[in-house]
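Take a moment with the structure below.

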Amino acid sequence: MATTNDLKNGMVLDLDGQLWSVVWFQHHKPGKGGAVVRTKLKNVLSGKVVDKTFNADVKVDIATVDKRDMTYLYNDGVAYVFMDKSTYEQLQIQPDVVGEASHFLLENQDAIVAVHEDLPLYVELPASVELLVEYTEPGLQGDRSSGGTKPARLETGYDIQVPLFLTTGEKVKVDTRTGDYLGRVTS
């Protein structure tokens, strides 16, 4: 148990049997009346975001979420299989829990898996990953005042927009939160 004054970004709350992650919070003291805490909460399972206002010093349940360092092994056709780095225990995670992270997962890639009472909640990847461009059309330079983009298929099968100068077989850095191209990787 904690109070609303103890809230921090990333904290997971148990409200009415559902898990909510604190995305944003603000303590607010209006001119008259008691202080309140405004929050933006994201449902951990469904991804739904809601605004909720609490009175200051109200008790809230904090859920214990265990964030484990894991390695992605493979997809067995039904689920994604991850291995705990410390115990070598394998964990099968359903595709709906992995979500958008599946677009950037390669075998033997490190990830953080959040678990609550032996139930995987979500998979967290690094902010950016390096992936190989599996296929892209040759870029045609023309009369353009700004740089153009073209579609490219990554080695994971995900399609992104890349600059015209990129060719098939090059490595690119991709933002895992937005799926945007960040730059070319030179070795």
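**A walk through the model**

Start with Asp 175, which lies in strand E15, residues 171–175. Keep in mind that this model is predicted. Is Asp 175 buried or exposed? Its relative accessibility is 10%, so Asp 175 counts as buried, since buried means under 20%. Which residues does Asp 175 touch, leaving out those up to four places away in sequence? They are Phe 104, Ala 127, Ser 128, Asp 180 and Leu 182.

Now move to Leu 91, in strand E9. Leu 91 has 15% relative accessibility, so it also counts as buried. Beyond its neighbours within four places in sequence, Leu 91 is in contact with Met 70, Tyr 80, Val 81, Phe 82, Val 113 and Pro 120. Compare Leu 91 with Glu 170: 79 residues separate them in sequence, and their C-alpha atoms are 33 Å apart in space.

Next come the nonpolar cores. In soluble globular proteins, nonpolar side chains tend to be buried together. The largest nonpolar core here has 25 residues. Phe 82, Ile 93, Val 98, Leu 105, Val 113, Val 123 and Leu 154 touch the most other members. Several strands each supply at least two residues of this core, including E7 (66–75), E10 (109–116), E12 (128–136) and E15. Where does this core lie? Domain 2 (66–124) and domain 3 (128–184) both give residues to it, so the core lies between them.

Look closely at Val 123. Setting aside residues up to four places away in sequence, Val 123 touches Phe 82, Ile 93, Val 97, Val 98, Ala 101, Ala 111, Ile 112 and Val 113. Another core, of 10 residues, lies apart from the largest one. Among its members are Leu 7, Met 11, Leu 41 and Phe 54.

Turn to a sheet. Six strands form an open sheet, in the order E1-E6-E2-E3-E4-E5, with antiparallel pairing. Which strands stand at the edges? They are E1 (2–3) and E5 (49–55). Each has a single partner strand, so one side of each is left without a neighbour in the sheet. Inside this order, four bridges join E2 (residues 12–15) to E3 (residues 18–28), and the two run antiparallel. Val 12, for one, has Ser 21 in E3 as its bridge partner.

Finish with a record. An unreviewed UniProt entry lists residues 67–121 as "domain: Translation elongation factor P/YeiP central". Over these residues the chain is 7% helix and 53% strand. The end C-alpha atoms of this stretch are 10 Å apart.

How values were computed: Residues numbered from 1 in each chain as written. Predicted model: local features only at pLDDT ≥ 70, side-chain atom pairs only at ≥ 80, totals over all residues. Heavy atoms only, no water. UniProt positions renumbered as here; feature names shortened; annotations may be inferred. Buried < 20%, exposed > 50% of the residue type's maximum accessible area, 1.4 Å probe, protein only. Contact = heavy atoms within 4.5 Å. Core = buried A, V, L, I, M, F, W, Y, C linked by side-chain atoms within 4.5 Å. Domains from an automatic or database assignment. Pairing = 2+ DSSP bridges.
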